[in-house]
Every structure is written in C-alpha cells, then in structure tokens.
Amino acid sequence: MHFNPRYPSLDAKLYHHQQPKPLSGAKPGHFNQALAEKLQWSAQDQENWVEICSGQQTFSEFEPLAMVYAGHQFGQWAGQLGDGRGLLIAQILDQDNQTIDLHLKGAGPTPYSRMGDGRAVLRSVIREYLAGHALNALGVPSSNAVGFTSSTQGVQREKLELGAMMLRTSDSHIRLGHFEWINQYQPTLLKEFTEKCIAWHYPECLEAEQPILAFAIKVIQRTAVMIAKWQLVGFAHGVMNTDNLNITGSTLDFGPYGFMERFRPNWINNHSDYNARYTYQQQPSIAHWNLWTWLNNLIPLAKPEHKEQFKEDLAKCLEHFEPTFLEHYRFGLSLKMGLPKDHKDSFDCAMAFLRILQTEQLDYTQSFIRLQNKEYEVIKDDCLDRRQFEAFLSQYEGIRDGQETQTLDKEMCSANPHYILRNHMLQTAIEKAERDDFSEIDRLFTLLSQPYTQQAQLEKPEDLAPLASDEPKIMVSCSS
C-alpha cells in the first residue's frame with residue numbers, strides 16, 4: 001500500500017487514537033480482489049486480507065483513529081456523535097493517485113459510542129458490503145468495501161447474532177456533521193478545517209475569487225448529482241441524517257436502505273423512520289435541507305463587516321441544487337426511456353410512464369427493461385387500465401418517430417440495469433451466511449458486478465421480480 005495520512009494532520013480534538021478490538025474466532029466472509037488491486041494492495045496484503053479486515057493487523061504508517069462529529073438525525077439536533085464502532089485505519093493512494101480512506105467497521109467501542117457496544121453484526125455487514133458493490137457497479141458514487149469477516153463471537157441486538165467486521169473504503173469520511181460539531185464545540189478550528197477540506201477534496205476552488213463559496217457550490221452540486229443517480233436506479237438511502245452525508249457527494253452509511261421494487265415513491269424502506277422523513281420521493285428535498293443546515297455552519301468564516309453579504313452569497317450557492325439535480329435527473333430519465341434528451345415532450349412522456357408504474361404497482365427496474373426490449377404488450381397485459389398505457393405508448397412512439405432510434409436504444413441498454421439488490425435476495429444470502437455458507441454472497445457479488453449485462457447462466461427467477469404480494473415483507477430498520 002502507498003500511504004498518504006492526511007486526517008491526523010488536523011487538530012487532535014477532532015479524533016481519538018485507538019487500536020481495533022478484534023472479535024474472537026474471526027473467519028473469512030468475502031474478499032473484493034479487484035478493489036484491492038485498484039488500491040494497490042501488495043500480494044502480501046491480499047494474502048493477509050482476513051487479518052486486515054478483522055482488525056488483527058494494523059499499519060505502522062497510520063495510527064487508527066475514531067472521528068468525532070455531530071448531526072441532525074431525523075430532523076432533530078442530536079448533539080455530539082462520532083465513530084462509535086468504526087476506525088479510520090489508513091489513508092492510501094489508489095491507482096489513480098486518489099487518496100482513499102480505509103475504515104474498519106465493527107472495531108469495538110470508542111469514546112463516541114454513546115453506550116453502544118461498538119460492534120456490527122453479520123447481517124448488517126453483508127447488507128452494506130453488497131450494496132456498496134452494487135452501487136459502484138451501477139455508476140453511483142459510493143463507499144465500497146475490500147472485504148468482510150465473520151466470527152464466532154455473539155453480539156446482542158433484538159436477538160443474539162454473529163459479530164462481523166468490514167473494511168470500508170471511501171474518498172472521504174468527512175461529513176456535513178463535522179462542521180456542525182466544530183461550530184458547536186470547537187469554533188476556533190473551523191477556518192483551518194475548511195481550508196484543508198478544500199485543499200484535499202476541491203483544490204481547484206483555491207484559485208477562485210472566494211474559495212469558500214466555490215467549495216460550497218461544488219459540495220452542493222456533487223450532492224445533487226448523487227441524489228439524481230439514486231432516484232434513477234430506485235435507491236432509497238433510508239437514513240439521510242446530516243452525519244450520513246459527506247462532502248464529496250459519495251454515498252455513505254446506508255444501513256436500512258432499499259432498492260425500489262414495485263414503484264411506490266412514498267415507500268418507507270426504513271421501519272425506524274416513523275414519520276416517513278426519508279422515503280424515496282423525499283430524498284431531493286431532504287438533501288436540500290441538509291445542505292441548508294450545513295451552509296449555516298460556514299457563516300462564521302465571514303469577516304464581521306461582510307457577514308450579511310456572506311449569508312446572502314451562501315444562500316445563492318444553494319440555488320445551484322435544484323437545476324443541477326433536475327438536469328441530471330431529466331438527462332438520465334431520457335436515457336432510460338430511450339427518448340431524445342432535447343425533445344420538449346420527453347420529460348412529460350417519462351412522467352406518464354412513471355405514473356403508470358405507480359398506479360399499476362409495477363416493478364420499477366424490470367418495467368424499464370421491458371420497455372427497452374419493446375415488450376409493450378407484456379407491460380399492457382400487467383395493467384388494469386390498458387387505455388392509460390395505450391395513450392402513453394402513442395405519445396412515446398410519436399416522440400421516437402424520425403429519431404436515431406439505434407442510438408437511443410443503445411443508450412437505453414447502458415442506463416437500465418437488469419439487476420438490483422432486492423431485499424429478499426439479500427435475506428437469502430444472509431441466512432446462508434449465518435449457517436457459514438457464503439456461496440450466495442459470491443453469486444450476488446458476481447451478478448451485481450455487471451448489472452447492465454444479462455447473465456442468464458447466473459441469474460435466478462427471484463432476482464428479477466418482487467416477492468408475491470401475499471408473502472411477508474422483509475423489515476429493515478436502523479438496528480445493526
């Protein structure tokens with residue numbers, strides 16, 4: 001590995017050094033060799049992956065640390081939070097010379113555990129491991145993981161479960177909540193912290209007339225693009241607290257997530273979300289709210305005589321969110337529909353299709369595949385209101401008439417995945433893994449590596465459809 005320790009150069013009040021506490025009886029779960037190679041892991045590192053991913057081996061070049069931060073959780077100020085069960089164990093350079101965090105999850109209690117045990121269970125580790133892999137393969141910026149390990153040690157949740165650890169990677173673990181903590185508890189650190197965030201993650205902003213405003217715009221735009229990509233693949237994060245969004249616009253800390261199956265925009269995928277704050281349809285507005293909260297924490301960086309003007313300028317920065325989101329969402333939806341991006345009626349036609357999916361409760365992912373394959377009669381046969389679909393199809397074919405349909409069809413194939421990570425697919429893999437059988441995880445990992453390519457020899461029928469309506473739903477909550 002090529003180490004590039006940056007976070008320890010910050011003020012020591014922002015973190016706590018400690019070593020991980022390995023679980024007893026650690027054993028291999030799954031290893032992401034392709035990612036390890038991209039991270040320039042040596043042959044020796046790869047051979048020792050179980051020791052590294054279970055906290056038994058750390059590195060002399062980097063002393064592990066837990067970060068402190070704060071946040072708003074479900075819209076309410078939660079005060080001091082922090083890495084309660086995770087440690088940053090290294091920062092290294094990948095093949096593209098980009099600095100990547102290695103973060104060990106389930107590494108034991110820290111000063112920020114808030115009475116928690118500092119552990120993760122096999123169930124939640126598998127969910128995050130496969131979801132990060134799936135999102136990256138779908139082209140959605142996200143944390144990823146080099147590997148995870150199981151153990152023989154029990155961890156108490158609603159019931160006794162197997163403990164596990166996962167080595168997560170991300171381009172940054174600096175969250176919006178870091179700024180909230182600094183402003184609340186160590187305001188004198190804000191200027192240096194912000195300057196280093198800009199230098200590390202947005203160095204081009206240093207050349208701007210007002211680097212802080214340029215930085216704010218970049219964070220807002222990247223977050224808007226990320227949310228647009230979530231919406232396009234039907235991903236619902238489930239717990240969009242300010243401490244779960246980072247400053248680089250890459251998906252982080254998705255515990256009770258879900259991929260949309262039947263198209264229900266108000267679907268509550270996190271059953272700890274009692275007020276339906278973090279439903280799929282709410283994600284753009286919640287991201288906007290989180291960014292507004294974050295921008296307020298930049299106000300102290302203004303010179304006293306310019307404070308009011310700086311506040312106005314920050315508010316203008318937030319105006320970049322909606323057009324950026326809509327530009328990327330409209331563009332992506334046109335690709336998924338096989339419609340020309342510059343046609344005045346393309347977006348309205350796409351919305352008509354989504355209304356059909358919602359009214360008829362059709363599967364989001366497979367409906368786009370059927371549209372891509374021109375299986376119009378199959379879709380119509382699934383509709384109770386056949387006339388509504390016929391009206392849509394007439395508009396759809398009218399817009400495509402006279403267009404370069406070969407190009408549009410090719411774009412559809414690159415925008416519509418055959419496979420998403422459905423909860424029942426995960427549940428099967430988890431139940432097998434709890435019996436020490438990781439074969440289904442390996443199958444899903446391979447399948448999800450190429451979601452835009454049909455893999456008939458590897459797929460199963462249950463990969464392509466929601467559970468039958470009379471089967472019990474799989475409940476997912478913040479418990480992990």
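**Reading a predicted chain, feature by feature**

Q: Where is N97 found?
A: N97 sits in the loop between β6 (86-93) and β7 (99-105). Helices (H or I, at least four residues) and strands (E, at least two) are DSSP runs, numbered from the N terminus. This is a predicted model, in which local features need pLDDT of at least 70, side-chain atom pairs count only at pLDDT 80 or more, and totals for chains, interfaces and linings use all residues. Residues are numbered from 1 along each chain as its sequence is written, and side-chain values use heavy atoms, with hydrogens and water left out.

Q: Is N97 buried or exposed?
A: Start with the cut-offs: buried means under 20% relative accessible area, exposed over 50%, and partly exposed in between (1.4 Å probe, protein chains only). N97 has a relative accessible area of 58%, so N97 is exposed. Its backbone also deserves a look: phi of N97 is near 65°, a positive value in a residue other than glycine.

Q: What is phi of A276?
A: Phi of A276 is near 55°, again positive in a residue other than glycine. A276 lies in the loop between β13 (258-259) and α8 (283-296). Its relative accessible area is 24%, so A276 is partly exposed.

Q: How many helices and strands are in the chain?
A: The chain has 17 helices and 13 strands. Its radius of gyration is 23 Å, close to the 23 Å from the globule rule for 480 residues, so the chain is as compact as a globular protein of that length. That radius is taken over C-alpha atoms, and the rule is 2.2 Å times the number of residues to the power 0.38. Along the principal axes, the C-alpha trace spans about 65 × 65 × 40 Å. Of the 480 residues, 57% count as buried.

Q: Which residues does C317 touch?
A: Read touching as contact, meaning heavy atoms within 4.5 Å. Leaving out residues up to four places away in sequence, C317 touches L213, A216, I217 and I220. C317 lies in helix α9 (residues 307-318). It counts as buried because its relative accessibility is 3%. The C-alpha atoms of C317 and Q221 are 9.4 Å apart, though 96 residues separate the two along the chain. For the whole chain, among contacts between residues at least 6 apart in sequence, 70% join residues at least 24 apart.

Q: Where does Q403 lie?
A: Q403 is in the loop between α14 (386-400) and α15 (405-415). Its relative accessibility is 32%, so Q403 counts as partly exposed. Beyond four places in sequence, Q403 touches P340, H343 and L408.

Q: What covers the buried residues of α16?
A: The cover includes α4 (122-137) and α17 (439-449). The buried residues of α16 (residues 423-433) include M425, L426 and I430.

Q: How many disulfides does the structure hold?
A: A disulfide is a covalent bond between the sulfur atoms of two cysteines. Here the test is a pair of cysteine sulfur atoms within 2.5 Å. The structure holds zero disulfides. The sulfur of C349 is 14 Å from the closest cysteine sulfur, in C383, so the gap is too far for a bond. C413 is in no disulfide either; the nearest cysteine sulfur, that of C349, is 18 Å away.
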